[in-house]
Amino acid sequence: MAEEFIFDTTDSNNPPTSPPNRESVKILLIGSRRGINSIIYWLYRLGFAEVTAWSKPQVAPNSEDREMMSITVKQVTLD
């Protein structure tokens, strides 16, 4: 898997703590490079995430080079 998708797991017994009622959520796009870029820019225009917050598109596993994927992480407040 690409290094952009590998998170720091140096101390898996003590994961990083989030403020109370907050959680990290990973958003994954899978499709053509053109389709992924279109969605990333659309989400940027909606104020969802900066374009630079997304990983570089990578070949999706088991897609035989037909599909790409890109990921970002958002912090959400839980009620």
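This text walks through one chain, from its overall fold down to single residues.

The model is predicted, so local features need pLDDT of at least 70 and side-chain atom pairs count only at pLDDT 80 or more, while totals for chains, interfaces and linings use all residues. Residues are numbered from 1 along each chain as its sequence is written, and side-chain values use heavy atoms, with hydrogens and water left out.

Start with the overall plan. Helices (H or I, at least four residues) and strands (E, at least two) are DSSP runs, numbered from the N terminus. Along the sequence, the pattern reads β-α-β-β.

Now look at the sheet. Strands of a sheet pair through backbone hydrogen bonds, either parallel or antiparallel. Here the three strands form an open sheet in the order β1-β3-β2, with antiparallel pairing. β1 (22-31) and β2 stand at the edges with a single partner strand each, so one side of each has no neighbour in the sheet. Two strands count as paired if DSSP finds at least two bridges between them. Between β1 and β3 there are 10 bridges. Follow that pairing in the model. Arg22 has Thr77 in β3 as its bridge partner, and Val25 stands opposite Lys74 in β3. Gln58 has Met69 in β3 as its bridge partner.

Next, ask what is covered. A residue is buried at under 20% relative accessible area, exposed at over 50%, and partly exposed in between (1.4 Å probe, protein chains only). Of the 79 residues, 24% count as buried. The chain exposes about 6300 Å², and carbon and sulfur atoms supply 51% of that area. Accessible areas come from the Shrake-Rupley method with a 1.4 Å probe; for residues, only the protein chains shown count as cover.

Ser70 lies in β3 (residues 68-77). Its relative accessibility is 0%, so Ser70 counts as buried. The side chain of Ser70 reaches the backbone oxygen of Ser55 at 2.7 Å. This is a polar contact: a pair of N or O atoms within 3.5 Å, where within protein one must be able to donate a hydrogen and the other to accept it, and residues adjacent in sequence count only if both atoms are side-chain atoms. Thr72 is also in β3. At 3% relative accessibility, Thr72 counts as buried. A polar atom of the Thr72 side chain lies 3.0 Å from the backbone oxygen of Ala53.

Which residues does Thr72 touch, leaving aside its neighbours within four places in sequence? They are Val25, Lys26, Ile27, Ala53 and Trp54. Contact means heavy atoms within 4.5 Å.

Trp54 sits in the loop between α1 and β2. At 7% relative accessibility, Trp54 is buried. Neighbours within four places aside, its contacts include Ile27, Leu29, Ile40, Leu43 and Phe48. Ser70 is another of its contacts. Trp54 and Ser70 are 16 residues apart along the chain, yet their C-alpha atoms are separated by 6.3 Å. Now widen the view to the whole chain. Among contacts between residues at least 6 apart in sequence, 61% join residues at least 24 apart.

Turn to the surface. Ile39, Trp42, Leu46 and Phe48 form a nonpolar patch, with about 370 Å² of accessible area together. Patches are made of residues with over 30% relative accessible area and no salt bridge: like charges are joined within 9 Å, and nonpolar side chains (Val, Leu, Ile, Met, Phe, Trp, Tyr) within 5 Å. Leu46 lies in the loop between α1 (33-45) and β2 (58-59). Its relative accessibility is 57%, so Leu46 counts as exposed.

Charges come next. Side chains of opposite charge can pair when their charged atoms come close. A salt bridge is a side-chain nitrogen of Lys or Arg within 4 Å of a carboxyl oxygen of Asp or Glu. By this rule there is one salt bridge. Arg66 forms it with Glu64, and the closest N and O atoms are 3.6 Å apart. Arg66 is exposed at 61% relative accessibility, and Glu64 is exposed at 65%.

Last stop: Asn62, in the loop between β2 and β3. Asn62 has 81% relative accessibility, so this residue counts as exposed. Its phi is near 60 degrees, a positive value in a residue other than glycine.
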